[in-house]
Amino acid sequence: QVQLVESGGASVQPGGSLRLSCAASGRLLNMYFMAWYRQGPGKERELVASITIGGVRNYEDSVLGRFTISRGDVFNTVYLRMNSLRSEDTAVYYCYAVSAGVQYWGQGTQVTVSS
C-alpha cells in the first residue's frame with residue numbers, strides 16, 4: 001500500500017551538488033525513522049544518513065558536513081542535499097523508512113560523480 005519513490009539522481013562533476021527526493025505514496029504512521037542508503041559498484045549497501053520523527057539526524061562519517069537529510073512536515077517526503085560531491089559518492093541511493101514495525105524501500109536513484 002505504501003511505496004517510496006526516489007528522484008533527483010544525475011551525473012555531476014566532482015564538487016557539484018544534488019538534491020535527492022523520496023516521496024511516499026501513502027501516509028506513514030507511528031514512524032521510527034527514515035534514512036538514505038547507498039550502494040556503489042561492487043560494494044555492499046551502506047547507511048548514509050537518517051532522521052527520526054523528532055528531527056534527530058545522524059550521518060555516515062564520510063558525508064558529515066557535506067550531506068543534509070530533511071523531511072517534509074506536510075507531505076511524507078524525505079530529502080538528501082549533497083554538496084561537495086566526490087567520485088566515491090557514486091552509487092545508487094535508496095530511500096528507507098520504518099513505520100509500525102514495517103520496513104519500506106524505494107527503487108533507487110543513480111548518482112554518478114565524474115569529470
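Two strands are said to pair if DSSP finds at least two bridges between them; helices (H or I, at least four residues) and strands (E, at least two) are DSSP runs, numbered from the N terminus. The structure is a predicted model in which local features need pLDDT of at least 70 and side-chain atom pairs count only at pLDDT 80 or more, while totals for chains, interfaces and linings use all residues. Residues are numbered from 1 along each chain as its sequence is written, and side-chain values use heavy atoms, with hydrogens and water left out.

**View 1. Pairing of strand β11 with β2 and β9**. Strand β2 (residues 11–12) runs parallel to β11, with 2 bridges, and Ser11 has Thr112 as its bridge partner. Strand β9 (residues 91–99) joins β11 in the antiparallel sense through 3 bridges; here Val92 stands opposite Gln110.

**View 2. The two faces of strand β11 (residues 109–113)**. In a regular strand the side chains alternate between the two faces of the sheet. Thr109, Val111 and Val113 point to one face and are buried (under 20% relative accessible area; exposed is over 50%, partly exposed in between; 1.4 Å probe, protein chains only).

**View 3. A salt-bridge network of Arg38, Glu46, Arg66 and Asp89**. A salt bridge is a side-chain nitrogen of Lys or Arg within 4 Å of a carboxyl oxygen of Asp or Glu. Arg38 is buried, at 5% relative accessible area, whereas its partner Glu46 is partly exposed, at 32%; their closest N and O atoms are 2.8 Å apart. Arg38 also forms a salt bridge with Asp89, at 2.9 Å.
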